[in-house]
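Subject: Handover of a structure

Dear colleague,

Please find the structure below.

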Amino acid sequence: MVTDASSFDSVLDINYGIDPELDALLLHLMTENHLEYSIDPGKNASREQIRFMVAMENNEFYAPCSDWMFLQLLKPGLPDQLLAEYIQQWKMFIRLAREHCTDRYIRRRFVGLCRHKFRMALASPIVIPSRLMKRMITILMTQSGIDDPYAEIRRGLNRRAGEVVEGQAFDAAINACRESHPGCTRIDDLRFSINMLEIERLMRISTATDAWEESQFCESELRACGIEQEMDATPREFDGVAEALRGQGDGPLKILMLPKRSGGLMFDIRLIRSLLRMGHKVVLALKEGFYFDHPTFWDRDGDPVLDKALHDAHFVAEDRLSKNELLSIMREYPFVVISDGTRERINPYRTSVTFARAWKECDLILAKGEGKYRRFIQTSHTFTRDIICYFRDEQGSFHLHFKPKAEWVSKFSENYIRGKAESIISKMRQARNDGRTVIFYSGIIGSVPGQVDMAIKVMTTFVADLRTWLDSVFIINPAEHFEEGMDADDLMFMWEMVQRSGYINIWRFQSHSDIERSFDLMGAKVPPVWAGKDATYSTGCTKEMHIALDVQRRQPELQIIGPSPEKFFRRREYGVGKFCDVAIDKCD
């Protein structure tokens, strides 16, 4: 008997490991939505990558939808409200097909195919409606040959919105002076207050255009918005936004901006410019491909208005940037544009590695639109970063929500990690000045599943022994610098700075005899899981071998000892956010 989902007080209590039947039901949900990493790791994010965005404990289950939708999907049968959601998606799809596919035969064929999929979804309602829509859109695009039915619509929206943004009504709406600031005692406060006034106006105006047709993008509609009256009616509504933008005293913020639709994007870009003027850095994430009127990463190519508006933004097409590469780009460019890697409503399981890392490196998420409100606010799950979500409902009412990051989540800033690396480098420099030999020891930490604690003990025991019989050496053992909360991305970023510092004399990679010596020192036999292991078993060590060889090319005096380099290169890329390895490639 499957545990009844309605018996749980919170969706946070619905996890793996409670009941095998419930586990099966959750796996059924994941597999039918094509989101299970173990089945399709090429398309889906690993749990470690999901944790860049979602604050998940060990066995916590996360479904990319609202609590309400999640519970509806777990209920037996087809609840009326869930049926209404499916029907709404079906009507949107039929309207899309009729308006954009003129070939009657082809249209009947792919609509018929989608009808079969739709009936299957209703017969066993476990597919998230937005995922069903994604599936049907993919069928439309592949069967009809129509790559992007909304490309011209988005260009038209941007063109009309661009005219409004350049017009007098917009200038008056944004730059009109309000009453004086009698309570102001500092110029800084006055400057910040003026910036916040501009930001509030831009956020309210941009959402006001969400329901506009292309013909409504005009100055008369803008004047009729009543933004000033709305602001007067809720004078303290943006206090939370102001507090978030002031930051925590660690300098300007890194902000990830998630827009809603074309047209409104032109106002969002003005909002981004205000944030840049305040000194913040902004990453704008667009869709990878067609998702109705949502702007895509590639829209700039055929849209001169958008191209002009984003003329100084740096576009990054790479979808698997490393932490080091992303931070390097963000240091050089204050305004970066990336793709979120999807053609659907925000879904952490399908977002690109670059997007997930951008989320993790930013301090604040600005998410616009009701769809994101459902995904971020109407879920009991918390996230790893503060989120400000804003939108207008169908009645035109403005909504603003702030969701703080999970209290237990630590964010290690770039400056903090750099400081930690600099501290180690400083000790290496002092050791070199004292005439000691600096040795870096690379070994297995997380490559053997479930053996992290033992791996640290193996390394620490061996290095402690090494220190007793090597004279005048300074040995760096990474296991002694582990900090709770740091993930593999943070650690690799820190260690690469140390490793490329130029102060290493000897780079020792763990050999199988090192491991055997360590167990001997512990008075134990080598367990089967450790037999024959050495640094070549670790993808992390493999990356370090690449770095070691690169450093050696610049510093030929660097001594590399341990397993030979060619034995390392059977490994593939380091698993995103993982301490452990991915599979070994075939050796030719």
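Which helix gives the most to the lining of the largest pocket? The answer is H4, with six residues. Before the details, two remarks on the basis of the values are needed. This is a predicted model, in which local features need pLDDT of at least 70 and side-chain atom pairs count only at pLDDT 80 or more, while totals for chains, interfaces and linings use all residues. Residues are numbered from 1 along each chain as its sequence is written, and side-chain values use heavy atoms, with hydrogens and water left out.

Overall form

The protein has 22 helices and 11 strands; these are DSSP runs numbered from the N terminus, with helices being H or I of at least four residues and strands E of at least two. Along the principal axes, the C-alpha atoms fill a box of roughly 85 × 65 × 45 Å.

The largest pocket

A pocket is an open set of points on a 1 Å grid over the protein atoms alone, with protein on both sides within 12 Å along at least five of seven lines; a cavity is a set of points where a 1.4 Å probe fits but cannot get out, and lining residues have an atom within 4 Å of a point. Grid points are joined across faces, edges and corners, and a volume is the space filled by probe spheres set on the points.

The largest pocket holds about 1,400 Å³ of space. Its lining has 40 residues, and Met-92, Asp-210, Lys-260, Asp-293 and His-294 lie nearest its centre. Among the elements that give two or more residues to this lining are helix H4 (80-100), helix H9 (187-208) and strand S6 (386-392). By class, the lining has 13 nonpolar, nine polar and 18 charged residues. Here Ala, Val, Leu, Ile, Met, Phe, Trp, Tyr, Cys and Pro count as nonpolar, Asp, Glu, Lys and Arg as charged, and the others, Gly among them, as polar.

The cavities

There are three cavities of 30 Å³ or more.

An open sheet of seven strands has the order S3-S4-S2-S1-S5-S6-S7, with mixed pairing; two strands pair if DSSP finds at least two bridges between them. Strand S3 (314-315) and strand S7 (398-403) are its edge strands, each pairing on one side only. S6 and S7 run antiparallel and are joined by six bridges, and Phe-391 stands opposite His-399 in S7. H9 lies across S5, S6 and S7 at about 50 degrees to S6. Contact means heavy atoms within 4.5 Å; axes are lines fitted to C-alpha atoms, for helices over the stretch in contact, and angles run from 0 to 180 degrees between N-to-C directions.

Another open sheet has four strands in the order S9-S8-S10-S11, with parallel pairing. Strand S9 (473-476) and strand S11 (559-561) each have a single partner strand, so one side of each is left without a neighbour in the sheet. The twist averages 20 degrees from one strand to the next. Strands S8 and S10 are joined by four bridges, and Ile-439 stands opposite Ile-506 in S10.

Yours sincerely
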